Amino acid sequence: MIELHFKDNFWGADITSTAGYDTIIQHLNDGRRTCKELEDFIKARASVEEKYAKELLNLFKKACGQNEMNTLKRSLDFFKMQIENVGLSHLQLAQNMRDEAKKLEDFRERQKEVRKKVEQHMDALHKQTATQYKKTVESKKTYEQKCRDKEDAEQTMNRNVSTSNIKQQEKLYAKTQQAKQTAEEADRMYSHNVTMFNKIQEEWLNEYIKSCEMFEQQEVERINTLRNTVWTHLNHLSQQCVTSDELYEEVRKSLEQCNIKEDIEHFINLRKTGDKPPAPIVYENFYSSQRVSVPGRTGPQVIRRGPLPGRAENSVAYSTIDDPTYSVIQQ
């Protein structure tokens, strides 16, 4: 398959046309615009990463499990620390992206400076070629007109050779000679302009070919640079995912060391308030002569009465509370 190149495919039939050159320049301008767009895109992406990183770092400052203890507290503290590390890694990612954008900007400016010199030289050659071509065309018209004038003068002189007198013939001869000299001068000017134009055109053709080769090389470098820039950008994003996952994996390992039983025992040993529950409340009969004391407690001291005095004959019989026949209702 034949390789296509700029220098072989941007010519035109019009000798003064710059359509092929203009097409190449327009394409290069579009390419430079693409570089600027990608540069701005990466800068915006860096701003997003920086904002996200700062949000993570602010999140790190918030309380999270400060009242926890033992293994769970260690895991939560490690979790927060890794979140801070993730935030710092995103800050570094944002800086890497800005470095990418700066490299692309420098590349774009270098190409711009190189192209500027070539374009200025080519623009000067285009103007010079157009000016010389115009002079050549005008000199050609003048030359053709002077040749026709010379032919008319010769024909006039030849027609009047036999009919005119000597004085008229001399006058016609002088006019013919003058027309001949003018035609010869126009011929020399036209020939000179054609030579000059061909010389300028040859220089233009050589410079145009060199410019096409240089522009094509710039385009190769531009496409390669853009492709590599996006590739590197994606590598940074992938590496950030790997870094974040490694940090998160460390948190997962810490969580695996979190011992539920140990944390519960730690809390109990640190904050326990006693190992015996309170005793139940015992019902105490108000009329009981001997109150049942609550186990483990010293109840109020009970004052016991002595035995009732002996009963006299024909006296009222009194019952004690302990007597099963006792009743507050007198029969």
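Residues are numbered from 1 along each chain as its sequence is written. Because the model is predicted, local features need pLDDT of at least 70 and side-chain atom pairs count only at pLDDT 80 or more, while totals for chains, interfaces and linings use all residues; side-chain values use heavy atoms, with hydrogens and water left out.

The protein contains 5 helices and 0 strands, where helices (H or I, at least four residues) and strands (E, at least two) are DSSP runs numbered from the N terminus. The order of elements from the N terminus is α-α-α-α-α. Of the 331 residues, 25% are buried; buried means under 20% relative accessible area, exposed means over 50%, and partly exposed lies in between (1.4 Å probe, protein chains only). The protein exposes about 24700 Å², of which carbon and sulfur atoms supply 54%; the areas come from the Shrake-Rupley method with a 1.4 Å probe, and for residues only the protein chains shown count as cover. Among contacts (heavy atoms within 4.5 Å) with a separation of 6 or more, 82% join residues 24 or more positions apart.

Gln82 lies in helix 3 (residues 70–159) and is buried, with 5% relative accessibility. Leaving aside residues up to four places away in sequence, Gln82 touches Leu247, Glu250 and Val251. The side chain of Gln82 also reaches the backbone oxygen of Leu247 at 3.3 Å.

Side chains of opposite charge can pair when their charged atoms come close. A salt bridge is defined here as a side-chain nitrogen of Lys or Arg within 4 Å of a carboxyl oxygen of Asp or Glu, and the count by this rule is 18. In helix 2 (residues 19–60), Asp40 and Lys36 are 4 residues apart, about one helical turn, and form a salt bridge whose closest N and O atoms are 2.9 Å apart. Asp40 is partly exposed at 34%, and Lys36 is partly exposed at 33%. Lys54 and Glu50 are also 4 residues apart in helix 2, and their side chains meet in a salt bridge at 3.8 Å, N to O. The relative accessibility of Lys54 is 46% and that of Glu50 is 24%.

In helix 4 (residues 166–256), Arg188 and Glu185 lie 3 residues apart, about one turn of the helix. Their side chains form a salt bridge of 2.4 Å, N to O. Arg188 is partly exposed at 48%, and Glu185 is partly exposed at 40%. Elsewhere, salt bridges that share partners join Glu39, Lys43, Arg108 and Glu109 into one network.

Key
A polar contact is a pair of N or O atoms within 3.5 Å; within protein, one must be able to donate a hydrogen and the other to accept it, and residues adjacent in sequence count only if both atoms are side-chain atoms.
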